[in-house]
Amino acid sequence: MIALAQAIVNGLLAGATLAVPAIAFTTIFAVLRFANFAVAGFATLGAYGGWVENTALGVPAVPALAGACLAGGVAAVAVDDAALRGLRRRLRPGEAALAPAIASVAATLLLENVARFLFGNDPRGYNLPVYRDWHLGALAVGPQQLADAAIALVAMAALFLFLGFTRAGRTMRAVADNPGLAALKGIDAVRVGRIATFAAGALAGLGGMLIGFDTSLDPLLGFRVMLSVFAAAVVGGLGSIPGAVAGAFIVGVGEEMATLVVDPAYRTAVGFAAILVVLSLRPAGLFGVRGT
Amino acid sequence: MLDYLVQLSSFAAITALMALGLDLMWGLGGMANLGLAGSAAVGAYTAALLGVKLGVAWPLAWVAAGLVAAGSGAVLAGVTARLRGDYLAIVTLGFAEVVQLVASNEIWLTGGTGGIPGVPAPWRGSLRGIAFDAAFAALAWALVLAAALLLARLGASPFGRVLRAIREDETVAAVAGKRVLGFKVRAFAAGSALVGLAGALGAALEGFVSPDNFAVLLTLTVVLALSAGGPGGTWGALLGAVLVTALTEGTRFVADALPALSAVQAAALRQGMIALALILILHLRPAGIVPERPRAIPKEAR
Amino acid sequence: MKHGLTRRAALLGGLALPAVAPSLARAAEPIPIGTLLPLTGAGGAYGPSMAKVAKAVTDEINAGGGVLGRPLGLFTEDDETNPDSGVKAAHKLIDINHVVAICGTWASAVTTAVAPVCWQSKTMLFTVSGADSITKLPHHGYIIRTQPNSHLQALRVADFIAARGAKSFFSLSAQTPFAHDVYTQMTAEFAKKGGKALGDIIYDASKTSFRTEVEKAVAAKPDLIFLNAYAPDLGILLRNIYQAGFSGPRFTPGYAATPKVIASLPKPVTDGLLSYAPSPDPGSPGYKRVKEILGVEPDPYSCQVYDHVSLAALAMAQGKAATSQAIHDNVRAVGDEKGVPVTDAVAGLKAIAAGHAINYSGASGPCKFDAIGDILGCKFRFDLVKNGKSTLLSIS
């Protein structure tokens with residue numbers, strides 16, 4: 001029973017961190033209608049951006065998250081402008097956006113190797129103290145994991161405020177809800193796309209750095225969490241931000257609870273079984289709209 | 001030099017066979033199956049286990065590899081039948097991950113991460129050196145050509161036309177009275193069979209299988225080969241496979257010419273070049289090098 | 001007319017060259033030697049240092065006059081930690097570059113896939129892979145492994161734990177070809193010393209948190225936790241173990257606890273971490289040399305690749321032929337007990353040129369191999385991390 005509660009706590013904390021890049025993935029899907037797999041690369045570059053600020057410039061780790069956001073955002077806009085937008089523009093109306101999605105996979109490989117070229121493969125760590133777990137009754141909770149989850153929640157709240165209460169945010173939602181109508185109203189789709197891409201890249205970068213807090217940093221950081229991130233977005237329903245959050249918690253808790261019943265080596269497999277169950281009940285994910 | 005090219009052509013043939021399998025599922029049927037590495041692993045392990053543990057002759061082992069992969073593909077298609085596009089892509093990606101985990105952890109069956117060495121190949125005992133390599137390459141390409149011809153005919157057949165109709169609009173196809181699920185499952189099974197056969201060929205060529213052979217990167221290579229070559233057009237898959245093999249291996253020589261860089265920088269540059277080249281191809285030839293020809297609307301579909 | 005003349009002159013020159021100066025012509029031609037390393041992919045933490053060391057030792061040999069009057073020409077390929085890529089790269093090294101040996105293969109799967117390519121083309125393969133099965137392949141003497149096999153490691157590790165006074169241990173292992181064997185062999189050896197193995201969890205090394213796995217290990221209340229890990233996952237495990245409040249000793253292979261991993265972690269997390277690695281005698285000049293090349297305490301694989309290149313060079317000199325066959329036939333002869341002790345390739349090459357038998361003992365220890373290519377009874381060094389720095393405890 002305690003083991004179950006502990007697994008749920010661990011899963012929720014892991015899910016909060018996972019939610020940040022999952023939101024990034026789903027936001028791009030909502031506004032630009034394609035799966036940008038390069039989110040993994042934005043997370044890696046963001047983590048390195050924050051690392052440079054933290055270790056070379058001596059900024060404490062939490063404020064250095066701004067560097068992660070900047071690096072992730074800039075990488076996202078650069079990749080989109082140079083490699084992806086041109087492919088999106090060529091799509092016929094209603095055509096599945098495969099070409100940009102495939103190009104984004106190549107872009108992930110490119111970004112991984114940009115990081116490798118600049119920083120090498122050696123594991124890097126942030127200048128961040130480490131704390132023993134707090135014990136709340138029989139449950140153990142890591143202060144850093146709590147802090148990570150809190151930062152993730154703040155980032156999510158910031159995104160909600162941005163989407164709900166700023167002009168740019170409302171425009172983004174208009175484009176996401178109905179691109180045709182938005183175009184008729186004279187909304188500059190390229191500009192909105194850039195803002196959305198930057199915001200998503202910044203979130204991915206932030207998520208990358210949060211993951212780096214608990215692990216160490218190397219060029220494969222984004223790639224390692226990629227599957228779980230995409231899975232979270234899919235479970236929640238592609239294009240739905242609340243869905244991505246819910247999906248991240250489901251994947252996080254599912255994988256942790258799995259260790260109670262099966263060999264921990266099969267954690268990922270159980271995570272996918274959970275996804276399959278959700279999708280067989282709701283083929284477009286929890287919050288997804290049928291047909292997207 | 002010749003030996004090297006012959007060897008690479010065998011690897012290119014294996015990629016081509018997988019790209020053809022994907023072309024059937026994705027190019028024709030519009031189903032983005034990213035579980036190719038999983039199907040390849042199923043085929044490779046089937047052939048390896050039959051050959052090494054039971055001494056089954058290679059032709060039989062390869063047929064079995066195709067059949068078992070087809071079976072797993074059919075089950076996967078049945079389970080994911082209601083999923084579309086990106087959802088299907090990610091669930092199939094998960095399938096490949098699960099197959100790799102099973103191969104790594106069920107040591108009693110698969111030998112675990114140490115893999116299975118000594119997988120038999122046609123003529124391995126009787127031919128040596130380049131003679132063996134050339135015979136293998138010829139056999140592999142003969143299979144690729146046979147598969148390509150079959151696929152080209154399939155594409156023009158009523159079955160292919162229904163698949164394309166499902167690709168364009170599933171609802172319309174269903175309304176037109178086509179049993180969509182049945183067509184999807186058959187396309188998935190046939191495509192997976194080709195991928196599984198390719199897996200068996202790979203196991204025979206290397207004489208070895210291990211979970212590491214079936215990482216996500218394998219799927220990406222095939223997807224990129226097909227996108228570069230041109231999905232839906234059969235022959236594009238072949239050209240794309242040759243191109244991707246030439247690209248990944250040719251860049252090694254570029255890295256050799258850059259002694260000023262450290263080894264890890266040269267390796268990063270090489271992979272960066274591969275990624276960049278593929279992005280460029282997608283931009284310059286968005287429908288692939290051999291685009292799918294628009295077909296006349298057949299009488300019975302009117 | 002002029003054109004014809006030059007062509008004729010060139011033709012004549014071309015014909016004359018081999019006849020007049022065969023030794024000169026060949027003197028300029030380097031002896032190709034290859035390394036096949038994990039520069040990208042899961043083994044990426046190791047390849048770059050190995051490449052650096054291989055390059056440095058090649059340069060040293062060339063500065064010292066080369067082998068048989070010819071310099072070594074080094075070709076470095078990336079195996080991407082993937083057997084398919086490894087095989088293609090091995091074909092390139094063998095068929096295009098005509099290397100006399102391939103050094104440094106790391107992942108067991110890559111080595112197993114590349115091995116037949118090597119023995120069929122009669123090319124020597126020097127490896128650091130740990131799976132016991134590798135040297136049992138039908139390789140006809142074309143594989144040399146400098147990494148002690150898992151059985152030898154398991155025995156020494158269990159003895160060390162017992163000698164440290166631990167009565168029980170729990171093992172957390174990445175899924176490797178030797179993970180299971182190491183645990184069962186350790187358990188048996190540890191039982192002989194009166195200790196008890198409390199369990200083994202195999203984890204998925206591609207994950208970013210092992211809290212649940214670690215909590216299970218800590219809940220078993222072991223005296224010591226054995227981490228059969230690699231560099232990327234070790235950092236996460238150590239953090240999780242610290243967070244879980246475990247303060248007892250943690251013990252791990254030296255190839256996991258690289259100086260770079262230790263430097264990347266907060267000091268409290270690594271404090272008291274024990275590690276083991278195959279080792280030369282204390283104060284070995286070869287080990288010091290690798291330390292100079294890398295600028296940090298070297299990891300075991302970098303030491304081993306230093307010995308791979310050195311052994312290949314020495315064996316060719318010993319066999320008086322710049323061929324793979326010469327390496328195959330003489331790789332054991334350069335570790336002659338009765339020979340002059342040497343600790344680097346340049347000194348060894350000089351001694352061989354002077355007609356002496358040599359006894360090479362390199363950066364990873366004495367290089368003596370049994371009939372199937374496994375390293376014989378090497379010594380181990382045990383290190384303890386204190387205040388973020390690895391310090392030598394003992395060599396035995």
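Which helix of chain C holds both Lys192(C) and Glu189(C), and how many residues apart are they?

1. Both residues lie in helix 7 of chain C, three residues apart, or about one turn of the helix. An α-helix has 3.6 residues a turn, so residues three or four places apart point the same way. Lys192(C) has 68% relative accessibility and counts as exposed, whereas Glu189(C), at 11%, is buried. Please keep in mind that this is a predicted model.

2. One of its pairs is Glu77(C) with Arg252(B), at 2.9 Å from N to O. Over all chains, the structure holds 32 salt bridges.

3. Now the interface of chain C and chain B. Here 32 residues of chain C are in contact with 28 residues of chain B. The two chains bury about 2700 Å² between them, with 58% of it on carbon and sulfur atoms. The rule finds four salt bridges across this interface. It also finds 10 residue pairs in polar contact, both residues at pLDDT 80 or more.

4. Which elements of chain C give two or more residues to the side that touches chain B? They are helix 3 (47-63), strand 2 (72-78), helix 4 (83-96) and helix 5 (108-120). Helix 4 of chain C has the largest share, 10 residues. By type, this side of chain C divides into 14 nonpolar, 10 polar and eight charged residues.

5. Next, the interface of chain A and chain B. Contact involves 43 residues of chain A and 36 residues of chain B. About 3600 Å² is buried between the two chains, 75% of it on carbon and sulfur atoms. Ile102(A), Phe117(A) and Tyr266(A) supply 17% of the area that chain A buries against chain B, more than any other three residues. The rule finds zero salt bridges here. Eight residue pairs are in polar contact, both at pLDDT 80 or more.

6. On chain A, helix 3 (65-89), helix 4 (98-119), helix 9 (221-236) and helix 11 (267-281) each supply at least two residues of the side that touches chain B. Helix 4 of chain A gives the largest share, 13 residues. This side of chain A divides into 31 nonpolar, eight polar and four charged residues.

7. Within chain B, consider helix 4 (residues 85-105). Of its 21 residues, 17 are buried, so the helix is largely enclosed by the rest of the structure. Its length also checks out. At 1.5 Å a residue, the helix should span 30 Å, and its end C-alpha atoms are 31 Å apart, which agrees.

8. Back in chain C, Arg145(C) and Asp374(C) meet in a salt bridge at 2.8 Å, N to O. The pair links distant parts of the chain, 229 residues apart: Arg145(C) is in strand 5 (residues 143-145), and Asp374(C) is in the loop between strand 13 (365-366) and strand 14 (379-386).

9. Lys193(C) forms a salt bridge with Asp159(C), the closest N and O atoms being 3.7 Å apart. Lys193(C) is in the loop between helix 7 (179-192) and strand 7 (196-203), and Asp159(C) is in helix 6 (residues 150-163), 34 residues apart. Lys193(C) is partly exposed at 46% relative accessibility. Asp159(C) is partly exposed at 26%.

Technical notes
Residues numbered from 1 in each chain as written. Chains lettered and ligands numbered in written order. Predicted model: local features only at pLDDT ≥ 70, side-chain atom pairs only at ≥ 80, totals over all residues. Heavy atoms only, no water. Helix = DSSP H or I, 4+ residues; strand = E, 2+ residues; numbered from the N terminus. Expected span 1.5 Å × (residues − 1). Buried < 20%, exposed > 50% of the residue type's maximum accessible area, 1.4 Å probe, protein only. Contact = heavy atoms within 4.5 Å. Buried area = accessible area lost by both parts, 1.4 Å probe. Salt bridge = Lys/Arg side-chain N within 4 Å of Asp/Glu carboxyl O. Polar contact = N/O pair within 3.5 Å; in protein donor to acceptor, adjacent residues only side chain to side chain. Nonpolar A, V, L, I, M, F, W, Y, C, P; charged D, E, K, R; others polar.
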